[in-house]
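Student: Hi! Could you walk me through this one? I'd like to start with how exposure is judged.
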Amino acid sequence: MATTSVPSSGGDDTNSGAAAPAAPVPAHTGSQPQSAAGGADAAVQQLEKRKEVWVRFCLWFALSVIFALLPTIGQYLNGRQTVGFHQPGLMEWVSKAQLYIVSMGLAVTALGEALMHLRKAQSFRLVLVTIGNVLILAIATYLAPTADSDTTIKAVVGQQSLVIFIAALVTSGCSTWLCSSGVGVGE
């Protein structure tokens, strides 16, 4: 602990007649501001962590979801430029979107990431989401081969593939969020 001395304010020491040094005053140890600074550092770290989680989540969305849908979007946009283009209905367009395959890709990616994190530590929420991804992968794998058949009903394929895609989007998004934020997962 550092000390500083402060000269007396204009008085002589009565015993010696000379100016006596004042009693040492403890220097500011900074215990109060350090704890406030420590709290500020923790808040900054938490803000940085939250920003990192959002960046990873946005990257997942852009590189996994949007990139997987680009062929379908491109096919639609290219079709609009051609003569005699038939404007498909929503379910017909969705049935051509190959959403089963997109869902399988999302589920497998989330499954791989979750299994890597589950090796480090167990998380009940991540296990539940992983089971959901396995179920989506199994259902999409079962339904995908018959989606392009001549005998399929396009509206039914569109509805089913859209439901599977939304479920895959939710479960893989939750998995990505849990893995990137470390919620319930020791990193």
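Tutor: Happy to. Buried means under 20% relative accessible area, exposed means over 50%, and partly exposed is in between, with a 1.4 Å probe and protein chains only. By that scale W177 is partly exposed, with a relative accessible area of 29%.

Student: What kind of model is this, and how are things numbered?
Tutor: This is a predicted model, where local features need pLDDT of at least 70, side-chain atom pairs count only at pLDDT 80 or more, and totals for chains, interfaces and linings use all residues. Residues are numbered from 1 along each chain as its sequence is written, and side-chain values use heavy atoms, with hydrogens and water left out.

Student: What pLDDT does the protein chain average?
Tutor: The average is 78, and 77% of the residues score at least 70. For reference, pLDDT is the predictor's confidence in each residue, from 0 to 100. Among the elements, helix α4 (residues 124-143) has the highest mean pLDDT, 93, while strand β1 (residues 3-4) has the lowest, 51.

Student: How many helices and strands are there?
Tutor: The protein chain has five helices and two strands, in the order β-β-α-α-α-α-α along the sequence. Both kinds of element are DSSP runs numbered from the N terminus: helices are H or I with at least four residues, strands are E with at least two.

Student: And what share of the residues is buried?
Tutor: Of the 187 residues in the protein chain, 29% count as buried.

Student: Back to W177. How many aromatic pairs does a search of the whole structure find?
Tutor: The search finds five aromatic pairs. In one of them, the ring centres of F57 and W177 are 5.5 Å apart and the planes are at 80°, so the pair is edge-to-face. The rule is that rings of Phe, Tyr and Trp (its six-membered ring) pair if their centres lie within 6.5 Å; planes under 30 degrees apart count as stacked, over 60 as edge-to-face and the rest as tilted.

Student: Where do F57 and W177 lie?
Tutor: F57 is in helix α1 (residues 31-80) and W177 in helix α5 (residues 154-181), so the pair ties together parts that are 120 residues apart in sequence. Both rings also belong to one aromatic cluster, formed by W54, F57, W60, F61 and W177.

Student: What span should α5 have?
Tutor: At 1.5 Å a residue, its 28 residues should span 40 Å, and the end C-alpha atoms are 39 Å apart, which agrees. The expected span is 1.5 Å times one less than the number of residues. After α5 comes G182, whose phi is positive, near 75°.

Student: New topic: how many salt bridges does the search find?
Tutor: One. E113 pairs with R56, and the closest N and O atoms are 3.1 Å apart. This links distant parts of the chain, with E113 in helix α3 (residues 99-120) and R56 in helix α1, 57 residues apart. A salt bridge here is a side-chain nitrogen of Lys or Arg within 4 Å of a carboxyl oxygen of Asp or Glu.

Student: Is E113 buried or exposed?
Tutor: E113 counts as buried, at 16% relative accessibility.

Student: Which other residues in α3 are buried?
Tutor: Among them are L99, Y100, V102, L106, A110 and L118. A110 is buried with a relative accessible area of 3%. From A110 to V129 it is 9.1 Å, C-alpha to C-alpha, and 19 residues in sequence.

Student: Last thing: which residues make the nonpolar surface patch?
Tutor: F61, I66, F67, L70, I73 and L77 make a patch of about 540 Å². Patches are made of residues with over 30% relative accessible area and no salt bridge: like charges are joined within 9 Å, nonpolar side chains (Val, Leu, Ile, Met, Phe, Trp, Tyr) within 5 Å. Accessible areas come from the Shrake-Rupley method with a 1.4 Å probe; for residues, only the protein chains shown count as cover.
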